[in-house]
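Dear colleague,

Please find below the structure that I am handing over to you. My notes on it come after it.

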Amino acid sequence: AGHAVGLSDVEFQACKERLRPMRGAIRHLSSPRDDISEKEQLEHTKKCLLKIGDHINQCIAEYKDSAELLKKWRGNLWNFVAQFTVCEAEKLFTLYKRAAKKREALESDSAQGSSSKKKSASSLDRKDNRKRSAGFGMEFFGSKSKKSKQ
């Protein structure tokens, strides 16, 4: 019935309810703003992905004792998000993990306050930015939704 690939009606409804607080962030991924620069757009998109991914992690925390259920619901929730973008669920999850890892590195650097660490992190950032420009570009989020909204 027009649901994300692999989601039953019950799973779709469960994902819809669990991700209701993320509607704004998901909406941004499906139709990004065009009144800001590409750099600002990428930063905002990254923030939305982090917000959505962090929320998904909270949603699946109840399954921490069952790797099978954890993996299933992580996939279900990312599949639900993906239906509103031009990205596959796996790509969104990969982008989220990359952004979360970078956020974690920046937080640990600022907590340590070591200038040598910051210097090495900035060279890593440059390499990461080159990779991201190939993998985190606007072409993955398009200006139109992949599927029409219901």
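This is a predicted model: local features need pLDDT of at least 70, side-chain atom pairs count only at pLDDT 80 or more; totals for chains, interfaces and linings use all residues.

Residues are numbered from 1 along each chain as its sequence is written, and side-chain values use heavy atoms, with hydrogens and water left out.

Helices here are DSSP runs (H or I, at least four residues), numbered from the N terminus. Helix α3 covers residues 38-60. Among the buried residues of α3 are Leu-49, Leu-50, Ile-52 and Ile-56; buried means under 20% relative accessible area, with a 1.4 Å probe and protein chains only.

The structure holds 5 aromatic pairs (rings of Phe, Tyr and Trp, the last by its six-membered ring, with centres within 6.5 Å; stacked if the planes are under 30 degrees apart, edge-to-face if over 60, tilted for the rest). Tyr-63 and Trp-73 are stacked, at 6.5 Å centre to centre and 15° between the planes. Tyr-63 lies in the loop between α3 and α4 and Trp-73 in helix α4, so this pair ties together parts 10 residues apart in sequence. Tyr-63 is buried, at 14% relative accessible area, and Trp-73 is buried as well, at 11%.

Phe-80 and Phe-84 form an edge-to-face pair, because their planes stand at 70°, with the centres 5.4 Å apart. Both are buried, and ring pairs link Phe-80 and Phe-84 with Phe-12 into a cluster.

With kind regards

Terms used
Helices (H or I, at least four residues) and strands (E, at least two) are DSSP runs, numbered from the N terminus. The expected span of a helix is 1.5 Å times one less than its number of residues. Buried means under 20% relative accessible area, exposed over 50%, partly exposed in between (1.4 Å probe, protein chains only).
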